Amino acid sequence: MATMTKNSKDLLGSSGSLWTQKEEKLLYERTAQGLSLKEIAQYHKRTVGGIRARQKRLGLRDEETGQLLDPLQEFQPFSKEDIKLKLIKKTSNEIKNNYSEYCISEISKLIFKKYSTESTVDLIWEAIRWDIFIYFDSKKLEIFLERNKEIIISRLTPDNDEFPYKTLQQLGEKFSIKRERVRQIQNKIFRRFRHPKRKFCQTLDYVLNQLLSDNSYDTFEAECAWLSQELLHSESAKHFNSHVLRALYHRHEKSSLSLENLLNILSQNITAQQQKRHLENRRLFVKEASIQFSNKADNFVKNVLSKAQFSCTFAADIIELSSLPPLRTCKGNRQIFVKTLKRMVAYESSGEKKFIKAFDRCQIIDQFAEQAIRVPYSEDGRAHDYIPDLIIRTIEGLVFVIEVKSRLRLADRAVQLKAKAAVEYLGTKGIGYCLVDVEGFSANDLQQVEVDEELKIFLRRCLREKGIIRYRDIKNYINGGPVRDIMDQVQSLVLRYNLNYQTSLFPLPGKENKYRFDFKLKI
């Protein structure tokens, strides 16, 4: 029996020990050769279950079915060997209890060498990471090792880019456990770290002693003030701050009661500092956004005003627009507050709203008013009054009237009659006139649109057969395609050949400020 036990131990001599990248490479090669699990286990002196589990971690077996993949993916080692470990590993006699004082000093030298140019917090965090590694290396046979390691790293981190701080809820969702279970795992490991013997905080204690001795602080209060300032400057997470300051208090054998007060003050200062920086960033963002919006609004308004029509020179006299009252009531009773006018301005369409916001933001508009001018015109022998949407004055004193219409209604017969009358009437007063859609597209732009020959043939045939074209005819023609491009071409023909194009808007039942569009096109 004793012989069998001894032989079993010899056979499974590597069972339970850590895998190396070299051994994983051999496992990959033997799996690729088609050896059975039992044969591979004999080569590696491990159990069949251990070989199967390592094959899964190397991505050689399917996680659900457990079957070998065919073909095998490219070799990617799972073990994360650290070169620093090779430098500090000694014989078992030199390193009693896995890590001796000599080993800790070697680790600390490596930390100071690698992070000499980094901040104090980064250097301390590297020491804590080594302590975490030492702790979990001593628990290498414990189940859920990787899960617990990630939990403690995510909770003890100072919250940097590489290791962000995660809440209990986030960790619980990731590992499919309750947040209370995450808290229990965290507190269990924290208790090990805070044990009076501090077996698993040796690297942190050693590095902290080196830092404090290099700075030559005379008193505990001076050391505490310096370390608190470093933590405040980096805005570290609370568990990290607590762990580091607890190490300082242990160094001087101070009571933990005053530690809690210090942590509360530090936490409040960090919160206040973060809020202050957030407000500063917010102000900077708002300022930059305001400049961008202003520049964008300037370019938009300049583009619109470049399309103005006028019949004579612009007015030289300054017209005071702020005293002009609205001459009509907008439908829907929709209003927007304008900062430059310091009052509510009424509007009827989303296009008018966009223009009002642009005028409020841009730097080239001095004043503007809504529905403030009356233009007389005649239609079918009858006299009418037309009240455009907006009137503006630039900082140079130039005055423009702007009418915003839907893109589909720019070539409408009534709209064109009003536009022609407005150009003549306002021209005598030295005022320019702009008829555009919400994007600044004008009737002149419509005339420049190229018309497809097939569309011309279709329109001629409809007019010849029916004498009239409706919106549904265009929809049937495009058969689900983009309506806007075709309607631009239709309106371009209307303006070129002076066709009778009449549009209508029908309110949709149960939907406020929503309309159905239709038109009639005749010769």
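Begin by selecting I124, I128, I152 and F193, which touch the most other members of the largest nonpolar core, a set of 51 residues; such a core joins buried Ala, Val, Leu, Ile, Met, Phe, Trp, Tyr and Cys residues through side-chain atoms within 4.5 Å, buried meaning under 20% relative accessible area with a 1.4 Å probe and protein chains only. Helix α7 (residues 120-138) gives the most to this core, with 11 residues, helices being DSSP runs of H or I of at least four residues, numbered from the N terminus.

This is a predicted model, in which local features need pLDDT of at least 70 and side-chain atom pairs count only at pLDDT 80 or more, while totals for chains, interfaces and linings use all residues. Residues are numbered from 1 along each chain as its sequence is written, and side-chain values use heavy atoms, with hydrogens and water left out.

Next, centre on I124, which, leaving aside its neighbours within four places in sequence, is in contact (heavy atoms within 4.5 Å) with L204, L208, L211, L227, F240 and V244. A second, separate core of 46 residues can then be found by selecting members that include A369, I391, F458 and L493.

To see the contact, show T120, V121 and I124 of α7 with W226, L227, E230, L231 and S234 of α12.

Definitions and conventions
Buried means under 20% relative accessible area, exposed over 50%, partly exposed in between (1.4 Å probe, protein chains only). Helices (H or I, at least four residues) and strands (E, at least two) are DSSP runs, numbered from the N terminus.
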